[in-house]
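These are my notebook entries on a predicted model. I set down what I looked up, entry by entry.

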Amino acid sequence: MNFTELFKVTSYQCSFSPDGQYLASANQYRLVIRASTTLEIINVFACIDVIHIIEWSPDSHFILAGLLKRSAIQVFSLDNPEWKCKIDEGSAGLCQVHWTPDSRHILTTAQFHLRITVWSLTSKNVSYIKYPKKLSPSSYTFHLLKPYMALVERRNDSTDHISIFNYASNWSMVTHFQVSELEDLQGIQWSPSDDVLCLWENCYEYKLVFYTLNGQLLNMYKPENEHFSLGVRCARWSPTGQVMVVGDYEENITIFSYLTYKKIREPFRHPQRLSSTNGYTILKEEECDMNNDKSDETSQSKPYSSSAYSSSLLSDHESKSCVESKYIIYNGTLKIAPIKPNLDRANPRLGISSIEFSSSGRYMSTINDTMPNLLFIFDFKPKFHLAFVLIQLQPIRCVKWEPKRDRLTLCTHNNRLYIWSSEGASCINLPSESSKHNIDEIKWNNHNSISGVALIGQNSMCLGFVDLNSDL
């Protein structure tokens, strides 16, 4: 694996274009566009203020820069660099901005979620959508196969509603219905393969509902426990849409079928006592001096050898003198001491904070916030089971699956990149000139013959290139 030099970025703002041809990064008020493989600078766009948000249009022909302090957006064209567009929200303020899937409309959300404004780049028309509810990450979601947007609304009578808009037909409303089963709707996910919406209640009550496009209730799930259950923390559809996996604040994951929209197995609770005799592999990160490493044969046993991922940019002297880390296969029993959350503070770190699927949908990774150094990897074949547990030295910051292969990368706010696949796992040190670069975010680009991954820190980033033909 080869790494580039460091480039300056502002507030983690770095993104590959959807077609994989370009890499955009924000440096203060400059928006820099590079070729994703050669890193040759294609264009530099100057903005009127510091850039807080960048986002590519889905067709990769446009890119926007959100200037939150100015309540403004500047839009640039890759095909015609002379063409420019400026959107000003004015006194309403700006807190969110997104492209629509047709790449011809931009949605801006005003401060305090007072309204959503639809800006058309083709007709230059402006329209407004009322009653958006403040949700994280957004109050709306788009259908993957149809030109539909589902919006969560909070009406003046304190009731939650769903409105479906057709953005290909002048934003006409397709349907509208009230979600009477939920008192405080806090999440929405659209199935990637069907006209089904999954909605859930706030953190104080575990309640999950499935609706069709026309507002028909398919199923409502509420745990049949005698004790009071905390609510849903996060939820994800599998890439095929065959299952919905829900993680809650009580550290369980529950799997629902797309056929009946009912749970297909009892909730799985992340174990605090790990044992290698329970059918899963425990991989433990350990630091070592590569020059004086005299670990036992178990630590050196393949396929989990760190030597498979050594960087070709490291000189012999550098690779021998620096302290590296590697995964060892741990045989035995480990008792994990969970972090006790501070319940007196808002949004305590509790429950399942991350659920991510591999590109094929076979593997799934989860993070439990009370055990932030552990990554649990599940395998759906031949049946659902816990397959691997990765134990890191530091809390995990970001987990990303490669877009076209079942290979996972993660980072822990240090200068190392961690890679896992079913054939092997390893820890990769960045070159010595990047030793002070702490990786907090990972973004893959897998649209070229050489797969690139952006390793992003708060004020700098670099690229790593992986040969797709190599076994790694």
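Entry 1, Glu251 and its partner. I looked up the accessibility of Glu251 and found a relative accessible area of 8%; the residue is buried, because buried means under 20%. I then looked for a charged partner and found Arg269, with which Glu251 forms a salt bridge; the closest N and O atoms are 3.8 Å apart.

I found a salt bridge between the side chains of Glu285 and Arg416, at 3.5 Å from N to O. This pair links distant parts of the chain: Glu285 is in strand β28 (residues 281-289) and Arg416 in strand β37 (residues 416-420), 131 residues apart. Are the two residues buried or exposed? I recorded a relative accessible area of 2% for Glu285, which is buried, and 7% for Arg416, which is buried as well.

I recorded a salt bridge between Glu266 and Lys263, with 3.5 Å between the closest N and O atoms. Glu266 has a relative accessible area of 53% and is exposed. Lys263, at 31%, counts as partly exposed.

How many salt bridges does the model hold? The count comes to 21. I also noted a network of salt bridges that links Lys133, Arg154, Asp160 and Asp184.

I traced a sheet of four strands, in the order β19-β20-β21-β22, with antiparallel pairing. Which strands stand at its edges? They are β19 (187-190) and β22 (217-221); each has a single partner strand, so one side of each is left without a neighbour in the sheet. From one strand to the next, the twist averages 15 degrees. Tyr211 in β21 is the bridge partner of Leu197.

I looked up departures from it.

The peptide bond that joins Ser136 and Pro137 is cis, with omega at about 5 degrees. Pro137 is placed in the loop between β14 (126-130) and β15 (140-142). A cis peptide bond also runs from Lys381 to Pro382, with omega near -5 degrees. I located Pro382 in the loop between β33 (374-379) and β34 (385-391).

Ser60 is not a glycine, yet has a positive phi of about 70 degrees. I found Ser60 in the loop between β7 (53-56) and β8 (62-67). Its relative accessible area is 2%, and Ser60 is buried. Asn170, likewise not a glycine, has a positive phi of about 55 degrees. Asn170 lies in the loop between β17 (160-166) and β18 (172-178). Is Asn170 buried or exposed? I recorded a relative accessible area of 71%, and Asn170 is exposed.

Terms used. Residues are numbered from 1 along each chain as its sequence is written. This is a predicted model: local features need pLDDT of at least 70, side-chain atom pairs count only at pLDDT 80 or more; totals for chains, interfaces and linings use all residues. Side-chain values use heavy atoms; hydrogens and water are left out. A salt bridge is a side-chain nitrogen of Lys or Arg within 4 Å of a carboxyl oxygen of Asp or Glu. Buried means under 20% relative accessible area, exposed over 50%, partly exposed in between (1.4 Å probe, protein chains only). Helices (H or I, at least four residues) and strands (E, at least two) are DSSP runs, numbered from the N terminus. Two strands pair if DSSP finds at least two bridges between them. Axes are lines fitted to C-alpha atoms, for helices over the stretch in contact, and angles run from 0 to 180 degrees between N-to-C directions.
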